[in-house]
Amino acid sequence: MTSVLLDSPKLNAPTIHKLDNGLTIIAEQMPVEAVNLNIWYNIGSAVEADAINGMAHFLEHMMFKGTPQLSAGEFERAIEERGAVTNAATSQEYTHYYITTAPKDFAALAPLQFEVVTNPQIEDTAFERERLVVLEEIRRSDDNPSRRTFRRAMETCFNCLPYRRPVLGPPGAIAQFTPQQMQSFHSQWYRPQTATAAVVGNLPVGELIEIVATAHAAAEENRHRSRPPVVSPPQFEPEPAFTEVVRREYTDARLQQARLILLWRVPGMMDLADTYALDMLAAVLGQGKMSRLFRDLREDRQLVTAIGASNVTKGVQGMFYIGAQLPSENVAEVEAAIAQHLERFRTELVAESDLARIRTKTANRFVFGNERPSDRANLYGYYYSQMQDLEPALTYTERLQAVTAEDVRAAAQRYLTPDAFAMVVVHPEK
């Protein structure tokens, strides 16, 4: 096993410690009277076959239904008795589970957290009961206008990559899952080699690492199912850039106003150096009340109710996303206005004052986002689980500070082509 103290900005000083069995522990002492343990698996819905789309998320639910060592509800009772909190989340490329507790209780609760994620029971009766909960979550997601629109955008942007599928899965697939399928999924993918345990709080780093390593070892000793041979996760390649305008139009009876979405395929984490200029472009274009789209289309011309831009960076490929909520009769005018704004980025240099504003906001948000143990554990766990590297997390502000106006223009010219992108328009029923 090895430990490495990373060179990083003064604000952060995480230690990376690798166990012989493959588990990575990232630990940092922080003078706040709490400890957050965040266990990240670089496994999400992207590894699922179409027939089991939704399995990773369903499994997240079943993690809290007991183990051979813990009866159902025992973990939550131990958490609540100590005033701690726990939760979990699933995405395309990761699933993570966390607890936040007082430092004095961490040694007692960490073993329970590892037991829960290592040895879920996945018992038939609980499985059938939780299936209904997951199906209800899908129904509530379908009732959310923003989620419905985003799902259509993802389906339009990606033809092959698993990002086009919903993390929750389709109801028809969920209805067919069996406990045995889920047990196999867990045994296959939930391994120490796919896990990163980020732990931050007010205990010495050596003590944090020892507690986590001991808790993990105890859970592994309790393992009640054998693991199948290691299978590598599926490998994906970025999809080619659009070669024409791909337009999709829908009608949604539950909308009060139309939605307009413009999409470009852009680099992801595999080409991280190419993402910083796009992040800066998105911020100047459509993030905050000082952004160009907000000031022009919402404040000055009042053509939209809401508008924004994001550079969504995923593992294999990213998506540059411009979205607006607006009256249907304004769609054509707003589409033309967005095109004019993008043309300015392709032909003109962004003002230094705009770049300075985004740099300051980014630097401050990095500081604000490091105030709690959970903030730092999330930062470390996400980046390490996805990239096996913390430097991109700790140097993001520096990388953005180095972006020039010429970099932004070059990114717009290269990636935000005016005659090749995807568009989704969703109209309310008349």
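Let's start with a pair of strands. β5 (85-90) and β6 run antiparallel, joined by six bridges. Two strands count as paired if DSSP finds at least two bridges between them. Strands here are DSSP runs of E, at least two residues, and helices are runs of H or I, at least four residues, numbered from the N terminus.

A word on the source. This is a predicted model: local features need pLDDT of at least 70, side-chain atom pairs count only at pLDDT 80 or more, and totals for chains, interfaces and linings use all residues. Residues are numbered from 1 along each chain as its sequence is written, and side-chain values use heavy atoms, with hydrogens and water left out.

Back to the strands. Four residues sit between β5 and β6, and the two form a hairpin. β6 also pairs with β4 (residues 35-41), antiparallel, over seven bridges. Look at Y97 in β6. A88 stands opposite Y97, and I39 stands opposite Y97 too. Of the seven residues in β6 (95-101), five are buried, meaning under 20% relative accessible area with a 1.4 Å probe, protein chains only.

Next, N119. Where does N119 sit? In the loop between α3 (106-118) and α4. N119 counts as buried because its relative accessibility is 0%. Leaving out residues up to four places away in sequence, N119 touches G66, T67, P68, A219, N222, R223 and H224. Contact means heavy atoms within 4.5 Å. A polar atom of the N119 side chain lies 3.0 Å from the backbone oxygen of A219.

Now the pockets. A pocket is an open set of points on a 1 Å grid over the protein atoms alone, where a 1.4 Å probe fits, with protein on both sides within 12 Å along at least five of seven lines; lining residues have an atom within 4 Å of a point. The volume is the space filled by probe spheres set on the points.

The largest pocket comes to about 1000 Å³. It has 35 lining residues, with D279, N311, Y382, Y383 and Y396 nearest its centre. Which element gives the most to that lining? α13, with six residues.

The second largest pocket holds about 630 Å³. Of its 27 lining residues, S141, R147, P166, V167 and L168 are closest to the centre. Here α5 gives the most, with five residues. β5 is back as well: it supplies at least two residues of this lining.

How values were computed
Buried < 20%, exposed > 50% of the residue type's maximum accessible area, 1.4 Å probe, protein only. Polar contact = N/O pair within 3.5 Å; in protein donor to acceptor, adjacent residues only side chain to side chain.
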